[in-house]
Amino acid sequence: MQCSSPPKSNPGPARMPCYQCGEAADRACTSCERFFCRFHGGERQVAVHVGGGLFGGLRWEYPVRALCDRCTPDQSKVKAHAAAMGILSIAVLIFLIIMGIWFMTEYAKWRH
Ligand SMILES: [Zn+2]
Ligand SMILES: [Zn+2]
């Protein structure tokens, strides 16, 4: 009988205490580097302005990062921001299409 289940070792680095409650923390904040337990931090979405380019002002990204509660932005605001920027970029796209159509029709008129 072959029983080769991998040993359930859980070495890892020495557990650091959570910055808030002192419980064993399993990760560190990517912003302030404080250690936090699963109750006082986690995978949180942030809004990052990446900018640049023709429509640089509209370029935002919403990566998920390991953050403690203190560094976590208001998640509902991040989601609202993401939705607003989504609508805005669609509006810009529609505007460009309309401008394109307008330009094509004007150009066709002008050619006659
Ligand atoms: Zn904690
Ligand atoms: Zn933090």
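Visitor: Before we look around, what counts as buried, exposed or partly exposed here?
Guide: A residue is buried if 20 or more other C-beta atoms lie within 10 Å of its own, exposed if 12 or fewer, and partly exposed in between, with C-beta atoms placed from the backbone. This is a predicted model, where local features need pLDDT of at least 70 and side-chain atom pairs count only at pLDDT 80 or more, while totals for chains, interfaces and linings use all residues. Residues are numbered from 1 along each chain as its sequence is written, and chains are lettered from A and ligands numbered from 1 in the order in which they are written.

Visitor: OK, why does threonine 72 count as buried?
Guide: Because threonine 72 has 20 C-beta neighbours inside 10 Å.

Visitor: And where does threonine 72 lie?
Guide: In the loop between β8 and α1 (75-111). Helices (H or I, at least four residues) and strands (E, at least two) are DSSP runs, numbered from the N terminus.

Visitor: Which residues does threonine 72 touch?
Guide: Arg44 and Leu67, leaving out residues up to four places away in sequence. Contact means that the C-beta atoms of two residues, placed from the backbone, lie within 7 Å. Arginine 44 is 28 residues away along the chain, yet its C-alpha is 6.5 Å from that of threonine 72.

Visitor: What's in the largest nonpolar core?
Guide: There are 9 residues: Cys18, Tyr19, Ala25, Cys29, Phe35, Phe36, Cys37, Leu67 and Cys68. Such a core is a set of buried Ala, Val, Leu, Ile, Met, Phe, Trp, Tyr and Cys residues joined through C-beta atoms within 7 Å.

Visitor: Which strands each supply at least two residues of this core?
Guide: β4 (35-36) and β8 (64-68). Phenylalanine 36 has contacts beyond four places in sequence with Cys18, Tyr19, Ala25, Arg27, Cys29, Gly41 and Cys68.

Visitor: Switching to the whole chain, how many helices and strands are there?
Guide: The count is 1 helix and 8 strands, in the order β-β-β-β-β-β-β-β-α. Of the 112 residues, 11% count as buried.

Visitor: So is α1 largely in the open or buried?
Guide: Largely in the open, because 0 of its 37 residues are buried. From first C-alpha to last, α1 reaches 54 Å, close to the 54 Å expected at 1.5 Å a residue; that expected span is 1.5 Å times one less than the number of residues.

Visitor: And histidine 49, buried or exposed?
Guide: Exposed, because 12 other C-beta atoms lie within 10 Å. Histidine 49 lies in β6 (residues 48-49), and its C-alpha is 6.2 Å from that of arginine 59, 10 residues away along the chain.
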